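Colleague: Hi! Could you walk me through this one?

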Amino acid sequence: MRETPRPRETAADSGSGLPQRRPERAFAHAGADGSGTPHRSDGRPPHTPRGARRTDLAGHPGTTPPVPGWPAPLVSGVLGLLAVLFALTTWQVVVEGPLFRLDERVGAKLFGQGPGALTQVFSDLGGMPVALPVLTCAIAYALWRRALRLAAYAALTMAAVPALVIPLKVATARQGPLTEAVNYYPSGHTATAAVAYGATVLVLLALPRPAWLREASWPRAWMMPVAAILLTTATGIGLVLHGYHWPLDVLASWCLGPLVLAPLWWVSCRSRRRSSG
């Protein structure tokens, strides 16, 4: 075998001074082009937090460690505030307190405001024929991606709406506006819109987007939650302006929706951590 020739020693190398760094040793810590940029020859990331940097669902550099959504303490605080507000409005409706009487005065002034055709369209956004197919498509996509647990939680979340709203309607037995009928609190249409559109967003954010959508420049993850909030808000406004519900009926369902979505939010965060890991 041919031996690799050793580099010639110079006077400085053979002297009694301090040991000198050998070139071949230094090359292991420098780039192949001699730029001095550190790298690992095996291609593995260094054992530092920055070396473990992950990308988001769109393929862009993510945070370290990955933050799949809102911070848990902030979400817990918001949910706690919504629970208190829901309990307060329910108590006022049951005892017909000052907030209940103010609600009827305000509602009487709002009924009939705005274009009737437009408020009807807004009201229909919370109907099962409109909201449920949207969530069904998201669940079908989750099943296609084999996210069985996520799909099951989304279906159970939607099923929780009538299971919670109907007993509350019967227990409060609030009379509706412009009618003698009762059982109007809370608003079923508003709760349906909040949960159906919110669950759709949580499911889609937890799953990797298709290649054709990742390559597009305009879709952003924040657009989906904003769309869900706008649709739910429009539903409540339409129900009040068209005279289908009192304002407190809608406000209670706005508070109830995120509380029902909380377990699905938790599952969605865990799914996003696994997909980005």
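Modeller: Buried means under 20%, exposed over 50%, and partly exposed in between (1.4 Å probe, protein chains only). This is a predicted model, where local features need pLDDT of at least 70 and side-chain atom pairs count only at pLDDT 80 or more, while totals for chains, interfaces and linings use all residues. Residues are numbered from 1 along each chain as its sequence is written, and side-chain values use heavy atoms, leaving out hydrogens and water.

Colleague: Where does Arg149 lie?

Modeller: In helix H7, residues 148–172. Helices are DSSP runs of H or I with at least four residues, strands are E runs of at least two, and both are numbered from the N terminus.

Colleague: Which residues form the positive surface patch?

Modeller: Arg149, Arg270, Arg273 and Arg274 form that patch. Helix H11 (residues 247–276) gives the largest share, three residues. Patch residues have over 30% relative accessible area and no salt bridge; like charges are joined within 9 Å, nonpolar side chains (Val, Leu, Ile, Met, Phe, Trp, Tyr) within 5 Å. A salt bridge is a side-chain nitrogen of Lys or Arg within 4 Å of a carboxyl oxygen of Asp or Glu. Lys and Arg count as positive, Asp and Glu as negative, and His and the chain ends are not counted; a charge is placed at NZ of Lys, CZ of Arg, CG of Asp or CD of Glu.

Colleague: And what makes the nonpolar surface patch?

Modeller: Leu85, Leu88, Trp91, Val94 and Val95 make that patch, with about 460 Å². Areas come from the Shrake-Rupley method with a 1.4 Å probe, and for residues only the protein chains shown count as cover. Leu88 lies in helix H3 (residues 72–95) and is partly exposed, at 38% relative accessibility.

Colleague: New topic: is Ser187 buried or exposed?

Modeller: Ser187 is buried, because its relative accessibility is 0%. Ser187 sits in the loop between H7 and helix H8 (188–206). Leaving aside neighbours within four places in sequence, its contacts (heavy atoms within 4.5 Å) include Lys169, His245 and Asp249.

Colleague: What about His189?

Modeller: His189 is in helix H8 and is partly exposed at 37%.
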